[in-house]
Amino acid sequence: MAAHRRPRQHPLGGHTARAAAVLALAGAATTTGFDGTGQAAPRPTPAQVKARVDTLYREAETATQKYDGAKDAVDAGERRLDSLRDEAAREEQRLNTARDALGSFAAAQYRSGDIAPAWQLALSSDPDRYLDAAALAERAGDRQAATVSQVRQQLGQIERLRGAARVELTSLRSHQAELRRQKRTVTGKLAEARRLLAGLTPSERGQIAGDGSGAPERASRSADDARQALERAGSVAAPDSRAAAAVAYAFAKLGSPYVWGATGPNAFDCSGLVQAAYRSAGVSLPRTTYAQIGAGRRVSRSELRPGDLVFFYSGVSHVGLYIGDGRMIHAPNPSAPVRVAPIDQMPFAGATRVV
């Protein structure tokens with residue numbers, strides 16, 4: 001009878017079915033993993049790392065030039081603010097001296113009593129002496145009026161100086177904020193570059209070592225090679241003795257480390273090296289590449305002579321000191337020290353002759 005029919009058996013029991021489902025899911029996950037969607041990002045090749053690091057170095061150098069400009073503005077602002085404060089202090093000292101003089105005059109009047117001049121003359125036992133004293137008092141009154149006028153002028157000058165100091169302080173704080181922003185930008189990009197380089201093996205780092213501008217091996221020279229380059233360029237016969245002195249200074253700094261924001265004597269950034277080289281020759285140059293390119297007479301690439309400043313990239317963010325023979329001395333970036341390099345390894349942006 002139907003009531004006594006045995007229930008139909010399923011091919012898989014409850015536990016067996018659950019196990020099969022788990023296995024199926026695991027297989028699907030494994031399949032997905034092999035398809036690549038579950039794998040970590042592939043390790044960048046040395047060439048990719050080099051390209052990214054070069055970009056980071058250029059961006060950091062652009063920020064470095066902005067940092068240098070902001071620091072220059074901060075230093076100048078601090079000097080102006082100190083000068084205003086010193087001048088205000090001197091004015092306040094003169095004001096205090098004038099106030100003391102007025103106080104002495106008022107005290108003398110109080111001690112002599114406030115008696116009308118006609119009565120003083122009538123009661124005086126020596127009218128001639130009184131008249132002499134009255135004339136002296138009149139002159140003293142004139143001096144007192146002059147002192148009061150001087151005090152008023154000094155008060156106005158002090159207020160003007162304080163107003164100028166407040167304006168200067170506001171400007172200084174703005175430059176200080178810009179300085180901090182650019183510092184964060186530089187340090188962030190250099191930290192990323194270090195992280196990328198740290199992911200390479202020593203041999204891979206050796207392969208891409210250089211100045212990050214496309215010609216690492218050619219850019220690296222020994223001191224003897226650099227001396228030969230200078231001799232070929234005839235730098236000792238540079239068109240100006242100051243240009244020759246600047247080239248000689250840069251040559252003496254070969255091998256010095258690149259440190260962003262540094263102007264020597266033991267470390268440099270690119271514009272800091274050029275500034276220090278000409279400072280040693282008695283020539284004052286602005287701090288940044290943006291200002292240095294306008295510091296002299298522009299010359300074409302075909303007109304270059306030893307001592308000229310050569311600039312690179314569309315943003316004029318890098319500078320070197322031309323030494324002749326198509327070469328320059330420059331401070332490349334944190335991965336390379338001051339060195340001799342060909343000027344055709346970076347996009348040429350212009351040149352300036354400062355002497």
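I note at the outset that the model is predicted.

**Entry 1. Partners of E2**

I looked up which strands pair with E2. With E3, the pairing is antiparallel and runs over four bridges. Within this pairing, I located Phe312 opposite His318 of E3. With strand E6, which spans residues 348–353, E2 is joined by four bridges, and these two strands also run antiparallel. Here I recorded Phe311 as standing opposite Gly350.

**Entry 2. The hairpin turn**

I then followed the chain from E2 into E3. The two strands form a hairpin with five residues between them. Strand E2 covers 309–312 and strand E3 covers 318–324, with Tyr313 in the loop that separates them. Val316 is found in that loop between E2 and E3 as well.

I checked the backbone angles in this loop. Most residues other than glycine have a negative phi. Tyr313, however, has a positive phi near 75°. Val316 also has a positive phi, near 50°.

I next examined Asp308 and Arg353, which form a salt bridge with the closest N and O atoms 2.9 Å apart. What does this pair tie together? Asp308 lies in the loop between strand E1 (297–299) and E2, while Arg353 lies in strand E6, so the contact ties together parts that are 45 residues apart in sequence. I recorded both partners as buried: Asp308 has a relative accessible area of 2%, and Arg353 has one of 9%.

I also noted a network in which salt bridges that share partners join Asp68, Asp269 and Arg287.

**Entry 3. Further salt bridges**

How many salt bridges does the model contain? I recorded a count of 14. One of the pairs I inspected is Arg43 with Glu204, whose side chains meet at 2.8 Å, N to O. This pair links distant parts of the chain, 161 residues apart: Arg43 sits in the loop between helix H1 (14–35) and helix H2 (46–112), and Glu204 sits in helix H5 (residues 202–208). I looked up the accessibility of each partner. Arg43 is partly exposed, at 49% relative accessibility, whereas Glu204 is buried, with a relative accessible area of 14%.

Lys50 forms a salt bridge with Asp54, the closest N and O atoms being 3.0 Å apart. The two residues are four apart in helix H2, which means that about one helical turn separates them. I recorded both Lys50 and Asp54 as buried.

**Entry 4. A cis peptide bond**

Finally, I checked the peptide bonds. Most peptide bonds are trans. The bond joining Gly264 and Pro265 is cis, with omega at about 5°. Where is Pro265 placed? I located Pro265 in the loop between helix H8 (241–252) and helix H9 (270–280).

Definitions and conventions:
Residues numbered from 1 in each chain as written. Predicted model: local features only at pLDDT ≥ 70, side-chain atom pairs only at ≥ 80, totals over all residues. Heavy atoms only, no water. Pairing = 2+ DSSP bridges. Salt bridge = Lys/Arg side-chain N within 4 Å of Asp/Glu carboxyl O. Buried < 20%, exposed > 50% of the residue type's maximum accessible area, 1.4 Å probe, protein only.
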